[in-house]
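Hi,

Here is the structure I promised to pass on, with some notes on what turned up in it. Have a look at it first, and then read on below.

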Amino acid sequence: MGKVVVLDHPLIQHKLTYIRDKNTGTKELRELVDEVAMLMAFEITRDLPLTDITVETPIQQAKTKVLAGKKIGLIPILRAGLGMVDGMLNLIPAAKVGHVGLYRDPETLKPVEYYIKLPSDISERELIVIDPMLATGGSANDAIESLKKRGAKKIRLMCLVAAPEGVELIEKNHPDVDIYLGALDEGLNDHGYIVPGIGDAGDRLFGTK
């Protein structure tokens with residue numbers, strides 16, 4: 001079973017409070033989401049493997065460590081996931097970025113993939129699927145399914161806030177996927193919004209209604 005990790009670092013929790021606040025404007029919200037994404041990336045990459053190399057310091061030779069060539073892929077779910085990519089790239093600039101766009105057919109309620117563009121070597125990469133909100137879990141579940149069909153083997157899911165219902169769906173359908181959250185909220189309201197949540201992340205990030 002994949003693990004569920006709530007990243008309770010004080011800086012993440014502090015910034016998340018202002019992301020939740022309905023009075024936070026678009027510009028400030030983007031900056032906060034950027035910063036939280038970078039802090040979350042710091043925590044998520046904690047267990048990346050290292051290898052020893054030797055370098056010359058100004059004083060002498062030193063045996064020290066670098067990342068062991070583990071390739072990272074960032075996969076934002078369109079469109080809200082885009083708001084978290086830049087913050088992560090600040091920390092992991094060598095990561096490749098893929099995109100998954102999904103919507104649900106209103107009649108069949110089945111997911112329809114309207115856009116997908118991925119690095120050619122996704123089977124060799126450690127993928128981080130990015131979606132600010134894990135509400136029912138439908139979009140993240142379908143995106144993970146899409147990636148697995150195309151050969152992805154190691155996937156993590158990163159969300160700002162989640163409802164227990166969404167976490168349960170991912171755990172049930174993708175027990176091999178670790179989930180990293182800024183907060184695990186109370187649940188969903190009648191409209192499928194996370195309570196207390198952050199509202200519609202896409203609308204708030206991009207200034208649309």
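A residue is called buried here when its relative accessible area is under 20%, exposed when it is over 50%, and partly exposed in between. Please keep in mind that this is a predicted model.

With that cut-off, Pro132 is buried, because its relative accessible area is 1%. Pro132 sits in the loop between β8 and β9. Beyond the residues up to four places away in sequence, Pro132 touches Ala80, Gly81, Met84, Cys159, Leu160, Val161 and Ala201.

The unreviewed UniProt entry lists under "binding site" the residues Arg79, Arg104, Asp131, Pro132, Met133, Leu134, Ala135, Thr136, Gly137, Gly138, Ser139 and Asp200. Of these listed residues, Pro132 is included in the lining of the largest cavity.

Asp131 counts as buried, since its relative accessibility is 10%. Leaving out neighbours within four places in sequence, its contacts are Ile77, Ser139, Ala140, Met158, Cys159 and Leu160.

A cis peptide bond joins Leu78 and Arg79, with omega at about 5°. The side chain of Arg79 meets that of Asp203 in a salt bridge, 2.8 Å from N to O. Arg79 is in the loop between β4 (72-76) and α3 (85-91) while Asp203 is in helix α6 (residues 201-206), so this pair ties together parts that are 124 residues apart in sequence. Are the two partners buried or exposed, or something in between? Arg79 counts as partly exposed because its relative accessibility is 35%, whereas Asp203, at 17%, counts as buried.

While we are on peptide bonds, a cis bond also joins Val195 and Pro196, where omega is about -5°. Pro196 is located in the loop between β13 (194-195) and α6.

Now to the salt bridges in general: the structure holds 13 of them.

- Lys148 and Asp176 form a salt bridge in which the closest N and O atoms are 2.9 Å apart. Lys148 belongs to helix α4 (residues 138-149) and Asp176 to the loop between α5 (164-173) and β11 (178-184), so the pair ties together parts that are 28 residues apart in sequence. Lys148 is partly exposed, with a relative accessible area of 26%, and Asp176 counts as partly exposed too, at 42%.
- Glu31 and Lys27 are joined by a salt bridge, with 2.8 Å between the closest N and O atoms. Both residues lie in helix α2, four residues apart, or about one turn of the helix. Glu31 counts as partly exposed at 38% relative accessibility, while Lys27 counts as exposed at 61%.
- Lys71, Asp121, Glu124 and Arg125 are linked in a network of salt bridges.

Helix α2 (residues 26-44) is also where Met38 lies. Together with Phe42 and Leu91, Met38 makes a nonpolar surface patch of about 260 Å². Met38 is partly exposed, as its relative accessible area is 31%.

Which residues does Gly87 contact, leaving aside its neighbours within four places in sequence? They are Asp34, Ala37 and Met38, so Met38 links this part of the story to the patch, where it is one of the members. Gly87 itself lies in helix α3 and is buried, with a relative accessible area of 0%. From C-alpha to C-alpha, Gly87 and Ala37 are 5.2 Å apart in space, although 50 residues separate them in sequence.

That is what I have for now. Happy browsing, and do write back with any questions.

Best wishes

Technical notes:
Residues numbered from 1 in each chain as written. Predicted model: local features only at pLDDT ≥ 70, side-chain atom pairs only at ≥ 80, totals over all residues. Heavy atoms only, no water. UniProt positions renumbered as here; feature names shortened; annotations may be inferred. 1 Å grid on protein atoms, 1.4 Å probe; cavity = no way out; pocket = protein on both sides within 12 Å on 5 of 7 lines; lining within 4 Å. Buried < 20%, exposed > 50% of the residue type's maximum accessible area, 1.4 Å probe, protein only. Contact = heavy atoms within 4.5 Å. Helix = DSSP H or I, 4+ residues; strand = E, 2+ residues; numbered from the N terminus. Patch = residues over 30% accessible without salt bridge, like charges linked within 9 Å, V, L, I, M, F, W, Y side chains within 5 Å. Areas by Shrake-Rupley, 256 points an atom, 1.4 Å probe, with all protein chains shown as cover. Salt bridge = Lys/Arg side-chain N within 4 Å of Asp/Glu carboxyl O.
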